[in-house]
Amino acid sequence: MTRLFRRWVARAVISVSIVAATVGASYGQDKVVRIGFQKYGKLVLLKSKGSLEQKLKSVGYSVVWTEFPSGPPLLEALNVGAIDFGNTGEAPPIFAQAAGAPIQYVAYEPPAPKGEAILVPKDSPIKSVTDLKGKKVALNKGSNVHYLLVKALEKAGVKYSEIEPVFLAPADARAAFERGAVDAWVIWDPFQAAAEAATGASTVADGTGVVANYQFYFASKKFLQADAKIVELVLAQLSEVDDWAKSDIHAVAEQLAPNIGLSVPVVEVALKRQAYGIKPVTDAVIADQQQVADTFFALGLIPKQIKISDVAWRPGT
């Protein structure tokens with residue numbers, strides 16, 4: 001097991017207080033779906049809309065929502081049975097599956113390659129990915145941008161070992177980036193849009209022509225086996241929210257902005273780079289995700305080979 005993989009597992013273990021709060025909130029309820037969400041995305045919109053609660057109530061269920069700072073701890077919560085459903089980008093589930101988490105891919109959003117990028121300060125001498133050789137690059141380990149960095153370096157002919165990765169959460173990475181403690185920052189929206197607006201950061205490369213940048217939805221294997229119809233209901237409600245979101249981006253930005261502490265124009269920029277559509281997992285998407293897994297294994301970032309098709313669910317199965 002690699003040092004990075006061990007660190008990922010260790011840091012992904014969520015606090016006892018979060019697990020206790022999640023389990024405690026659902027204790028005594030015979031039928032409940034526990035949903036993990038992050039501060040930005042379609043699940044936030046679904047939560048604020050309140051329509052899921054009404055639909056679930058009609059079939060004898062309730063919902064408990066728990067917020068997570070990023071994808072890795074969300075999937076660890078799913079692993080330990082603290083939540084039943086959630087979503088992350090394409091990299092966290094690779095580490096989670098390699099660690100034995102009982103995850104099941106249940107849906108995805110189409111590629112959004114412009115929704116993540118390698119940023120440098122506005123006056124930086126770094127003009128291309130090739131210039132990153134020997135430089136300090138901040139990123140959130142185990143996240144989508146980890147894969148973007150790996151593939152962008154590969155495309156530029158730079159070895160991953162030839163840069164110095166600095167693993168930082170978005171808030172800490174932003175601080176390091178602004179004070180010049182790192183040379184570049186690989187980050188996703190809306191943090192990406194916020195940094196561009198506030199600092200004038202330049203984009204060395206985004207995911208275009210490099211990576212897909214999918215968003216995936218997951219259920220625990222246990223919950224899916226017991227309550228597949230509830231998973232389908234949640235996905236149907238997500239599709240309704242998605243339809244509204246893509247038809248009125250300004251309204252969505254106004255709703256999200258106060259929750260994530262960003263201005264409406266910044267959130268609008270991020271939303272315009274996002275993909276829309278909640279779709280069943282296909283063979284082509286599984287193949288793309290398998291490439292992510294194979295790349296991480298080849299680099300020694302995960303300790304064993306994994307097979308994505310083993311944990312991909314299709315409606316009706």
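Helix axes here are lines fitted to C-alpha atoms over the stretch in contact, and angles run from 0 to 180 degrees between N-to-C directions. Helices (H or I, at least four residues) and strands (E, at least two) are DSSP runs, numbered from the N terminus.

This is a predicted model, where local features need pLDDT of at least 70 and side-chain atom pairs count only at pLDDT 80 or more, while totals for chains, interfaces and linings use all residues. Residues are numbered from 1 along each chain as its sequence is written, and side-chain values use heavy atoms, with hydrogens and water left out.

**Stop 1: two helices**

Select residues 170-178, helix α8, and residues 191-199, helix α9. Their axes are 12 Å apart and the packing angle is about 25 degrees. The two are therefore roughly parallel to each other (angles under 35 degrees count as such). Now show side chains. Pro170, Arg174, Phe177 and Glu178 of α8 meet Phe191, Ala194, Ala195, Ala198 and Thr199 of α9 (contact means heavy atoms within 4.5 Å).

**Stop 2: the sheet**

Stay with α8. This helix lies across β5 (116-120), β6 and β8, at about 145 degrees to β8. Next, select the open sheet of five strands, in the order β7-β6-β8-β5-β9, with mixed pairing (two strands pair if DSSP finds at least two bridges between them). Find β7 (164-167) and β9 (202-206) at the edges: each has a single partner strand, so one side of each is left without a neighbour in the sheet. On average, neighbouring strands are turned by 30 degrees against each other, direction ignored.

Zoom in on β6 (residues 136-139) and β8 (residues 184-188). They run parallel, joined by two bridges. Ala138 stands opposite Trp185 in β8.

**Stop 3: the cores**

Select Ile94, Tyr105, Ile118, Leu132, Leu149 and Phe296. Of the 67 residues in the largest nonpolar core, these touch the most other members. Such a core is a set of buried Ala, Val, Leu, Ile, Met, Phe, Trp, Tyr and Cys residues joined through side-chain atoms within 4.5 Å. Buried means under 20% relative accessible area (1.4 Å probe, protein chains only). Helix α7 (residues 144-156) gives the most to this core, with seven residues. Another core, of 43 residues, lies apart from it and includes Leu46, Val231, Val252 and Ala257.

Back to Ile118. Not counting residues up to four places away in sequence, Ile118 touches residues including Val129, Leu132, Leu149, Trp185 and Val204.

**Stop 4: Asp84**

Select Asp84, in the loop between α5 (71-79) and β3 (85-89). Is Asp84 buried or exposed? Asp84 is buried, with a relative accessible area of 5%. Beyond residues up to four places away in sequence, Asp84 touches Val32, Val33, Arg34, Leu78, Phe218, Ala219, Ser220 and Phe223.

Conventions: Buried < 20%, exposed > 50% of the residue type's maximum accessible area, 1.4 Å probe, protein only. Parallel < 35°, antiparallel > 145°, perpendicular 65-115°, else oblique.
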